[in-house]
Amino acid sequence: MVPSPIRRSIMLHKHIRPLTSTTPAARFLHYSARSASPVERLCTKTPAIGITNRIETTVNPRAKLSSVPKPASFSTASPKLQQPPQSQAPAPDDEMSEPTGLIANKGIELLTLGTPNGYKASILLEELKEAYGLEYTWQAINIMKNTQKQPWYTAICPNGRIPAIVDHERGGFAVFEGIAILGYLARVYDREHRFSFPVDSDDYSVCEQWIGWQHGGLGPMQGQANHFLKFAAEKIPYATQRYVGESERLYGILDARLRERDYVAGPGRGRYSIADISLLGWANIATFSGLDLAQFPSVRAWLDRCMQRPAVQRGFAVPNVSALSNAKLAETLEADPEAKKKSDASWAFLKESKEKYGYKYASP
């Protein structure tokens, strides 16, 4: 049997051992980092990855899987679907339909996955929908089939990653990278600056600085922490304590920023903005990354505050609620003894790694 492109990539990647199991779980954990980040790979456990043409039905999560492709798109203009579908059991790879191009002809079209970066776009789009009535359609991108590497997708996002958007109201203008998507949507559609600040204000610069800090610091460092703590084929103590430790340092900076504030940017105690939105997806998987939010009480209070917003809740459901979120992970560990055992082993390894190299928390 000729190996699939994914299997060939796995076998060639110097950090990933050849795949010996063909179960869905094994494929999620071993999928090549050259095609997707570790968090993105695990987040492909979505109920409905692929494309449909305005499918107006939802799938019963208790129903048996069939050969019918699962619905994987949603439009705010749909008369029957007023809320995004909720998370369901993952479908096997061969039952996941694959997007082949854009499906909308108006509004914003979002191409995404349930990852910290993907949620940036969906949360802001939900906020803009609620505030201004902005219509948008989303498609879930099946990175297990390398959909993000297909020519139609790289024409939109040359980097072959999610998220990306296409603005059909402005001639099909495409924007990729989370930081650019936040800036573009705020500049073009947040006319009253409900989630952003006037470009000639100091608050605009402060907001821009913290978004840049997330994009260049917290996101990449926490992503590496995820990889070495949870996904690396070889357990490397130095790399594990290095990236988890750097993530802790960065969370310490955020905690200090929020100590006397409600939100990251804005006058006084701050005002909810795209600076907060850029960080929410990462803070929402802090536990998975080996971080204890009890160590950062101001961050935890800020996250709880933001999570009370209906648009944030809806944005975190596009295309599905992540199994890696702090809340979902806590539920899993309480209900699944085997998952709890693996989690305890992971925390023990992290502790040993820190002790081996004399790690001491310090921030900044």
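**Close-up views of a predicted model**

View 1. Among the elements covering the buried residues of α10 are α8 (237–257), α9 (274–283), α11 (310–315) and α12 (326–335). Helices are DSSP runs of H or I with at least four residues, strands are runs of E with at least two, and both are numbered from the N terminus. The model is predicted: local features need pLDDT of at least 70 and side-chain atom pairs pLDDT 80 or more, while totals for chains, interfaces and linings use all residues. Residues are numbered from 1 along each chain as its sequence is written, and side-chain values use heavy atoms, without hydrogens and water. Helix α10 spans residues 297–307, and Ser298, Val299, Trp302, Leu303 and Cys306 are buried in it. Seen down the axis of α10, these residues fall within an arc of 135 degrees, so they line one face of the helix. Buried means under 20% relative accessible area, exposed over 50%, and partly exposed in between (1.4 Å probe, protein chains only).

**View 2. Glutamate 109 in strand β2.** Strand β2 (residues 108–112) contains glutamate 109, which counts as buried because its relative accessibility is 0%. Its side chain makes polar contacts with the side chains of glutamine 139 (2.8 Å) and histidine 168 (2.8 Å). A polar contact is a pair of N or O atoms within 3.5 Å; within protein, one must be able to donate a hydrogen and the other to accept it, and residues adjacent in sequence count only if both atoms are side-chain atoms.

**View 3. Tyrosine 357 after α13.** The segment after α13 (337–356) holds tyrosine 357, which is partly exposed at a relative accessible area of 40%.

Key. The arc is that of the directions from the helix axis to the C-beta atoms. Contact means heavy atoms within 4.5 Å.
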